[in-house]
Amino acid sequence: MTDLCRIFAEQIQTRLNGFTPDIALILGSGLGHIAERIENPVIIKYTDIKDFPQSGVRGHQGQFVAGTLSGKKVLCMQGRIHLYEGHAPQIIRDIIHAFKLLGITKLFVTNAAGALNPELTPGTIMLICDHINLSFANPLIGANDDTLGPRFPDMSNAYDKNLRNLALRIADEYNIPIKQGVYLMVSGPNFETAAEVRAFGILGGDAVGMSTVPEVIAANHAGLAVLGFSVITNLGTGLQQQSLSHTETLAAAGKAADKLSQLLLHIFERL
Ligand code: HPA
């Protein structure tokens with residue numbers, strides 16, 4: 001394990017003051033408000049953690065919020081680290097491995113994404129069932145620490161089947177409409193060309209975005225069970241926008257974010 005990983009874990013642990021989170025939750029663009037539901041919150045700003053990468057994206061707050069959600073002990077990243085900001089993918093590995101050192105066993109991830117599959121209209125919540133890594137980056141490149149995970153980690157259950165089944169059951173029970181799909185990651189920061197959107201759809205992607213995959217690869221390496229959701233904010237470039245105006249699209253995404261928060265709270269209840 002790298003020094004940075006150990007340093008991150010130690011600094012977070014000191015500030016948690018004996019609190020031992022079981023679940024890490026990484027919140028995507030526009031989805032940060034679920035952190036406001038965390039009870040007895042302890043806030044740790046990224047700027048207060050030595051050598052921690054800073055997230056400079058608008059709508060991302062740049063802090064950990066630790067506490068309980070539906071009675072479960074969570075450590076939430078309100079603001080994620082993106083490759084397009086210039087961060088090395090290995091720093092994302094170090095953060096996830098620090099979670100492992102803190103005793104965390106599950107990683108929940110959310111993101112905003114564009115649709116490659118036109119059936120995923122803006123405002124859809126997509127349960128991520130698998131991913132395609134087209135970022136041309138990998139957080140595990142470099143020396144492997146065999147105490148944290150294997151050199152060649154298996155990705156056949158990258159998004160944990162039991163957690164996915166639980167999410168589907170609960171969504172059904174509470175009448176929260178969700179679809180399932182494959183998340184395809186690009187590095188960004190530019191949005192896709194229309195030709196790329198067509199190509200990515202043919203490759204098997206349902207939604208495209210600029211995050212999540214590095215965290216999920218590192219989590220699988222370290223043996224954390226992963227559950228992931230995308231909120232579809234727009235149709236990919238060149239796909240026919242049905243009759244939604246931009247304002248309606250934003251409103252749909254906002255409503256979907258609220259529904260996703262409710263769904264997550266119900267899932268936490270049942271863990
Ligand atoms: N492409 C990539 N990332 C995104 C998009 C998109 O269309 N929408 C939200 N994040």
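Trainee: Which residue's side chain meets that of Arg6 in a salt bridge?

Mentor: The partner is Asp3, with 3.5 Å from N to O, where a salt bridge means a side-chain nitrogen of Lys or Arg within 4 Å of a carboxyl oxygen of Asp or Glu. Keep in mind that this is a predicted model, in which local features need pLDDT of at least 70 and side-chain atom pairs count only at pLDDT 80 or more, while totals for chains, interfaces and linings use all residues. Residues are numbered from 1 along each chain as its sequence is written, and side-chain values use heavy atoms, with hydrogens and water left out.

Trainee: And Arg80, what does it pair with?

Mentor: Arg80 forms a salt bridge with Glu215, the closest N and O atoms being 2.7 Å apart. Arg80 sits in the loop between β4 and α2 and Glu215 in helix α5, so the pair ties together parts 135 residues apart in sequence; helices (H or I, at least four residues) and strands (E, at least two) are DSSP runs, numbered from the N terminus.

Trainee: Is Arg80 buried or exposed?

Mentor: Arg80 is buried at 1% relative accessibility, and Glu215 is buried too, at 3%, where buried means under 20% relative accessible area, exposed over 50% and partly exposed in between (1.4 Å probe, protein chains only).

Trainee: Switching to the ligand, how far is the polar side-chain atom of Glu192 from its nitrogen?

Mentor: That distance is 2.7 Å, a polar contact being a pair of N or O atoms within 3.5 Å; within protein, one must be able to donate a hydrogen and the other to accept it, and residues adjacent in sequence count only if both atoms are side-chain atoms.
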